[in-house]
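Please look over the sequence and the model below before reading on.

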Amino acid sequence: SYRVSRFASFIEPCAEQHRTTFGYQQCEARIALGVGGVSGVGFGNSTRKIRHLPESHTDFIFPVIGEEFGFIGSLVMILLFMTMFAIGTYFVLHIHDTFNFYMVAGFVLMLAGQAVFNLLVITSLSPNKGVPLPFISYGGSALLTYSVMVGLILNAVTSESRR
């Protein structure tokens with residue numbers, strides 16, 4: 001019954017029987033994104049992060065950004081992620097060393113996959129699995145890991161350009 005309830009809350013998180021148990025965060029994330037509208041309520045003026053969205057500084061930080069900065073701010077953030085991944089893809093295509101190629105490709109795919117999966121969870125298109133939004137979600141170990149990945153990517157690219 002637990003698995004059935006989890007699946008049913010994924011299908012409709014705002015249904016009354018799921019809202020109090022499994023679908024609460026995703027339902028509140030939808031509401032926060034809707035409250036933001038086009039231009040948002042202003043930096044620091046989110047009411048969902050204080051009263052309704054538990055642990056909003058971790059995996060569910062994007063709805064707070066969507067509420068405070070609106071559709072425009074959310075779109076800018078998504079465009080920044082897309083730019084970062086486009087640059088990473090450019091790096092992957094211009095690396096000739098086999099080890100560096102696979103390392104950079106893996107890191108770029110991991111960062112892109114985590115960002116996409118987090119955004120799918122926020123918009124209720126995927127079940128919640130606790131994947132943080134790269135460089136945005138709170139957490140020292142995740143930020144340290146992402147920073148090391150970017151450092152290794154830049155090291156591989158600069159060592160490739162020296163050849």
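**Briefing on the predicted model**

The largest pocket in this predicted model has a volume of about 240 Å³. Eleven residues line the largest pocket, and those closest to its centre are Arg-6, Ser-9, Phe-22, Gln-26 and Asn-128.

**The lining of the pocket**

- Two elements, α1 (2-11) and α3 (24-36), are the ones that give two or more residues to the lining of the largest pocket.
- Sorted by class, the lining of the largest pocket is made up of five polar, four nonpolar and two charged residues.

**The chain as a whole**

- The secondary structure of the protein chain consists of seven helices and zero strands, so that, read from the N terminus on, its elements follow the order α-α-α-α-α-α-α.
- Along its principal axes, the C-alpha trace of the protein chain has a span of about 60 × 40 × 25 Å.

**Helices α5 and α6**

- Helix α5, which covers residues 61-93, packs with helix α6, which covers residues 98-122, at an angle of about 160 degrees, and the axes of the two helices are 10 Å apart.
- Because angles over 145 degrees count as roughly antiparallel, α5 and α6 are roughly antiparallel to each other.
- The crossing in which α5 passes α6 is left-handed.
- On the α5 side, the residues that meet α6 are Phe-62, Pro-63, Ile-78, Phe-81, Phe-85, Gly-88, Thr-89, Phe-91 and Val-92, while on the α6 side their partners are Phe-101, Val-104, Ala-105, Val-108, Leu-111, Ala-112, Ala-115, Leu-119 and Ile-122.
- By class, the contact of α5 with α6 holds 16 nonpolar and two polar residues, with no charged residues.

**Helices α6 and α7**

- Helix α7, made of residues 140-161, packs with α6 at an angle of about 145 degrees, and their axes are 10 Å apart.
- The crossing that α6 makes with α7 is left-handed.
- From α6, the contact draws on Asn-100, Met-103, Val-104, Phe-107, Val-108, Met-110, Leu-111 and Gln-114, and from α7 it draws on Tyr-146, Met-149, Val-150, Leu-152, Ile-153, Ala-156, Ser-159 and Glu-160.
- Val-104, Val-108 and Leu-111 of α6 are listed both in the contact with α5 and in the contact with α7.

Note on methods. Residues are numbered from 1 along each chain as its sequence is written. This is a predicted model: local features need pLDDT of at least 70, side-chain atom pairs count only at pLDDT 80 or more; totals for chains, interfaces and linings use all residues. Side-chain values use heavy atoms; hydrogens and water are left out. On a 1 Å grid over the protein atoms alone, a cavity is a set of points where a 1.4 Å probe fits but cannot get out, and a pocket is an open set with protein on both sides within 12 Å along at least five of seven lines; lining residues have an atom within 4 Å of a point. Grid points are joined across faces, edges and corners, and a volume is the space filled by probe spheres set on the points. Helices (H or I, at least four residues) and strands (E, at least two) are DSSP runs, numbered from the N terminus. Ala, Val, Leu, Ile, Met, Phe, Trp, Tyr, Cys and Pro count as nonpolar, Asp, Glu, Lys and Arg as charged, and the others, Gly among them, as polar. Axes are lines fitted to C-alpha atoms, for helices over the stretch in contact, and angles run from 0 to 180 degrees between N-to-C directions. Angles under 35 degrees count as roughly parallel, over 145 as roughly antiparallel, 65 to 115 as roughly perpendicular and the rest as oblique. A crossing is left-handed if the near helix is turned anticlockwise from the far one by less than a right angle, and right-handed if clockwise. Contact means heavy atoms within 4.5 Å.
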